[in-house]
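Please examine the sequence and the three-dimensional structure shown below.

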Amino acid sequence: MLVFEKVDELQSYLQNCKQQLIGFVPTMGALHEGHLSLIQASKSKTDITVCSIFVNPIQFNKKEDLDNYPRNKETDLQLLKNSHCDVVFIPSVEEMYPTQHFKEYDFGKIGEVMEGEHRPGHFNGVGNVIERFFEIIQPDFAFFGEKDFQQLAIVKELARQLKSKTQIIGCPIYREKNGLAMSSRNERLSIEERLNAKIIYDSLLNIKHEFKSYSVEEVKNHFKITVNQQHPFIVEYIEIADGNTLQSINNWNESDYCVAFTAVNVGNVRLIDNMTIFN
Ligand code: AMP
């Protein structure tokens, strides 16, 4: 496994791989099996898998969240090596953003709701980092988790706007045994909170199983009440939206592809999850 920190060194290596399909997996490190499932997806579709580890400061709207973001470089490299990842790119902030000049994107309505509304500037930061990575690596395929469903939609829109050659591939959510969606942020939960966080998955599953008997408003209220009862969990939002437009629906018949999206704060750890209700 090759590890690069410098853009020009990575690029000279990739220059010699022109005949091969390049797969790219961007991460912010603190890797878990969810990330490794993206590496596997890339390995099964491409010849060379490049994984980046970069905690992108401009996608954090709260300094505290950036400062507390887990960083486990040595363990990450070992996990990637065990997964037979070919190339790891670990740039510094200066290497990624030498000019500190950032673009402003308009992703339309998909960028205005949920994470776009609750984390101002977040998707603009995601847009800048992904455009920069695509410019450096020029991958044939890039792999993103459906865990960050809205981010995946934003990246598809970005690739469309850039007329990028990179095909964006969505990969299923990888969950812990109790149903909690794997996340680097789970490391910051206490053992008890991590166990109790199954309430988020259970309550999403409950919507999926029970939606026919209740209104959209009722299932959202029920979700909020149930999750909020689990101290110190506080629901930031629960939305029922169309999986293509990401716009909220008020009645089940307004969409034929319906997804529930939530963000829940457990103390100062913010978790997101989603589940397709029907398609
Ligand atoms: P992150 O390091 O959190 O920025 O995530 C890097 C990539 O891994 C993103 O495309 C995420 O959607 C994806 N990812 C994170 N957690 C999971 C998970 N539990 N299952 C599948 N993909 C995931």
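Which helix gives the largest share of the lining of the second largest pocket? The largest share comes from helix α3 (residues 63–68), with three residues. The model is predicted, with local features requiring pLDDT of at least 70 and side-chain atom pairs counting only at pLDDT 80 or more, while totals for chains, interfaces and linings use all residues. Residues are numbered from 1 along each chain as its sequence is written, and side-chain values use heavy atoms, with hydrogens and water left out. Helices (H or I, at least four residues) and strands (E, at least two) are DSSP runs, numbered from the N terminus.

The pockets may be taken first. On a 1 Å grid over the protein atoms alone, a pocket is an open set of points where a 1.4 Å probe fits, with protein on both sides within 12 Å along at least five of seven lines, and lining residues have an atom within 4 Å of a point. Grid points are joined across faces, edges and corners, and a volume is the space filled by probe spheres set on the points.

The second largest pocket holds about 250 Å³ of space. Its lining comprises 13 residues, and K62, D65, N265, N268 and R270 lie nearest its centre. By residue class, this lining has no nonpolar, six polar and seven charged members. Here Ala, Val, Leu, Ile, Met, Phe, Trp, Tyr, Cys and Pro count as nonpolar, Asp, Glu, Lys and Arg as charged, and the others, Gly among them, as polar.

The largest pocket has a volume of about 330 Å³. It is lined by 16 residues, of which E146, F149, L152, G243 and Y257 are the closest to its centre. Both α8 (149–161) and β9 (269–278) supply at least two lining residues, and α8 gives the most, with five. In this lining, eight residues are nonpolar, four polar and four charged.

The whole structure contains 15 of them. R270 pairs with E115, the closest N and O atoms being 2.8 Å apart. Because E115 lies in helix α6 (residues 115–118) and R270 in strand β9, this pair ties together parts that are 155 residues apart in sequence. R270 also meets E236 in a salt bridge of 3.0 Å, N to O. E236 belongs to strand β7 (residues 233–242), and the two residues are 34 apart in the chain.

Is R270 buried or exposed? Buried means under 20% relative accessible area, exposed over 50%, and partly exposed in between (1.4 Å probe, protein chains only). R270 has 17% relative accessibility and therefore counts as buried; E115 is buried as well. E236, at 26%, counts as partly exposed.

A further salt bridge joins E5 and K73, with the closest N and O atoms 3.9 Å apart. E5 lies in the loop between β1 (2–4) and α1 (7–15) and K73 in helix α4 (residues 73–82), so the pair ties together parts 68 residues apart in sequence.

The cysteines remain. With a disulfide taken as a pair of cysteine sulfur atoms within 2.5 Å, the count is zero. C85 is in no disulfide, and the nearest cysteine sulfur, that of C51, is 5.1 Å away. C85 is buried at 4% relative accessibility, and C258 is buried at 0%.

Key: A salt bridge is a side-chain nitrogen of Lys or Arg within 4 Å of a carboxyl oxygen of Asp or Glu.
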